[in-house]
Structure formats: C-alpha cells, structure tokens
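My notes are below, in the order I made them.

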Amino acid sequence: MRGVTGDHYFTAEPDAATAGAERTVEFAAGGHEFRLRASGGVFSAGRLDPGTAVLLRKADLPDRTESGALLDLGCGYGPIACVLATVAPSATVYAIDVNARARALAAANGAPLGVRVSDPEGVDDSVGFAQIWTNPPFRVGKTELHALLGRWLPRLAPDGVAWLVAGRHLGGDSLHRWLEDEGWQVTRHASQKGFRVLRVSSPGGIDAT
C-alpha cells in the first residue's frame with residue numbers, strides 16, 4: 001500500500017530511495033539492553049516507537065519457562081521479537097511483516113536469537129501461539145486492521161493471550177469495543193502516555209470466569 005506522500009511502513013516493497021543509511025536503535029526492555037539495525041522505509045526507524053516502548057514496559061513479558069510459540073505481528077525491524085526471544089529463550093519466536101525491508105532487518109537482528117522471520121504466508125497454518133504481541137498498524141484503516149486481527153487472533157492457543165498497544169487518539173477504545181463485540185475477553189491492562197495496553201484472550205481461555 002502506498003500513501004500519498006510515498007512509501008509507508010506497510011508497503012510490501014518500499015522504494016529503494018527511501019532506505020537511506022542504516023542506523024542503530026538502542027533501548028532497554030525486560031532487564032536487557034538492545035542495539036538493533038534499522039533504516040528508512042520501515043516503521044519508526046529512528047527510535048523505538050513510543051507505543052512499542054509502552055507495550056514492552058507495561059505488558060507481562062514471558063519468562064524463561066515459556067516454551068511455546070510466540071508471534072510478533074507486524075514486526076518492523078524486530079524490537080518486540082528480539083525482546084521475546086531474549087527473555088524466553090526456550091520459546092519459538094515468529095516475526096511477520098508485509099514489508100520486505102523490515103523482514104530483512106528483523107532477520108539480521110533476530111538471527112542470533114533464533115527468531116523465525118517471514119511474510120504472513122510463511123507461517124504454517126498448523127502453528128498455534130501461546131502469545132501474540134503487536135503494535136497494530138492503525139493507519140491501514142479500520143477494515144484492514146480488523147481483517148488482520150481477525151486472521152491472527154484465532155490462532156491463539158485456548159489458554160493463550162495477545163498483547164496489543166493502541167493509541168487512544170488512533171482509536172484504542174473503539175478497538176477494545178470491537179474486540180469484545182467479536183467475542184474476545186479484553187482487559188485494559190495499563191495506560192501510559194496516551195496508549196492503552198490491551199490483554200486479549202479467547203472466551204474459554206485464561207480470562208474467562
């Protein structure tokens with residue numbers, strides 16, 4: 001998809017002219033320091049996105065006992081995937097993105113950690129996820145956003161959980177209501193700096209009463 005001003009982060013094949021020089025994004029999460037490669041044409045290449053930072057700070061990161069499959073949905077250059085693979089080294093971490101440049105960067109950043117990077121079609125249909133983590137691309141529009149979540153959330157394990165971060169000004173509260181209308185158990189786990197961290201599970205899962 002192409003915006004009126006050129007390539008956006010959800011473009012499958014960004015224009016090479018938008019790449020620019022590679023840069024390093026540094027941040028801390030889960031008690032670890034990270035230095036990741038990024039470049040133009042991918043989401044928030046100049047710094048860790050504030051929403052992602054809130055998600056990693058406020059959601060409940062898995063611990064070293066986690067051995068299931070974890071998904072970073074819309075991985076960009078891989079900050080969430082790299083954090084998950086670091087704090088849960090026995091888990092299998094998948095990272096998917098439609099943006100080819102983002103996948104290349106995520107693959108380079110995640111290779112030492114064993115992160116499995118692919119486009120959305122590259123994840124076998126038989127894989128179910130103990131956790132799904134995402135900073136959803138609200139700017140693709142509500143229809144596409146709902147389709148994206150409607151495709152991947154059903155792949156949570158029965159006792160699995162998804163962690164989403166949503167800016168209030170981008171429609172975080174309406175997304176919360178839509179998820180509930182779709183039958184998901186949704187809790188506003190935390191709020192910080194205008195962002196909502198939503199905890200999502202299936203009706204018969206760990207949030208059910």
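**Ground rules**

I am working with a predicted model, where local features need pLDDT of at least 70, side-chain atom pairs count only at pLDDT 80 or more, and totals for chains, interfaces and linings use all residues. I number residues from 1 along each chain as its sequence is written, and side-chain values use heavy atoms, with hydrogens and water left out.

**Salt bridges**

I began with a search of the whole structure, which gave 5 salt bridges. For these I take a side-chain nitrogen of Lys or Arg within 4 Å of a carboxyl oxygen of Asp or Glu.

Glutamate 22 pairs with arginine 37, with 2.9 Å between the closest N and O atoms. Glutamate 22 sits in the loop between β2 (6-7) and β3 (23-29) and arginine 37 in strand β4 (residues 32-38), so this pair ties together parts 15 residues apart in sequence. My helices (H or I, at least four residues) and strands (E, at least two) are DSSP runs, numbered from the N terminus. I then checked accessibility, where buried means under 20% relative accessible area, exposed over 50%, and partly exposed in between (1.4 Å probe, protein chains only). Glutamate 22 comes out partly exposed at 47%, and arginine 37 is partly exposed at 39%.

Next I found glutamate 121 and arginine 151 in a salt bridge, 3.3 Å from N to O. Glutamate 121 belongs to the loop between β7 (116-118) and β8 (129-134), and arginine 151 to helix α4 (residues 142-152), so the pair ties together parts that are 30 residues apart in sequence. Here glutamate 121 is exposed at 61%, while arginine 151 is partly exposed at 38%.

Aspartate 173 forms a salt bridge with arginine 188, and the closest N and O atoms are 3.3 Å apart. This pair links helix α5 (residues 172-181), which holds aspartate 173, to strand β10 (residues 185-192), which holds arginine 188, 15 residues apart. I noted aspartate 173 as partly exposed at 25% and arginine 188 as partly exposed at 41%. I also noted that salt bridges with shared partners join Asp173, Arg188 and Arg196 into one network.

**Cysteines**

How many disulfides does a search of the whole structure find? I got 0 disulfides, counting a pair of cysteine sulfur atoms within 2.5 Å. Cysteine 75 is in no disulfide, and its nearest cysteine sulfur, in cysteine 82, is 9.1 Å away. That distance is too far for a bond. I have cysteine 75 as buried at 4% and cysteine 82 as buried at 1%.

**Aromatic pairs**

My rule pairs rings of Phe, Tyr and Trp (its six-membered ring) if their centres lie within 6.5 Å; planes under 30 degrees apart count as stacked, over 60 as edge-to-face and the rest as tilted. The count is 3 aromatic pairs, and I wrote up two.

Tyrosine 94 and phenylalanine 129 have ring centres 5.7 Å apart and planes at 85°, so I logged the pair as edge-to-face. Tyrosine 94 is in strand β6 (residues 92-96) and phenylalanine 129 in strand β8, 35 residues apart. Tyrosine 94 is buried at 12%, and phenylalanine 129 is buried at 0%.

Tryptophan 133 and tryptophan 163 make a tilted pair, 6.0 Å centre to centre with 40° between the planes. The pair links strand β8, with tryptophan 133, to strand β9 (residues 156-167), with tryptophan 163, 30 residues apart. I read tryptophan 133 as buried at 0% and tryptophan 163 as buried at 2%.
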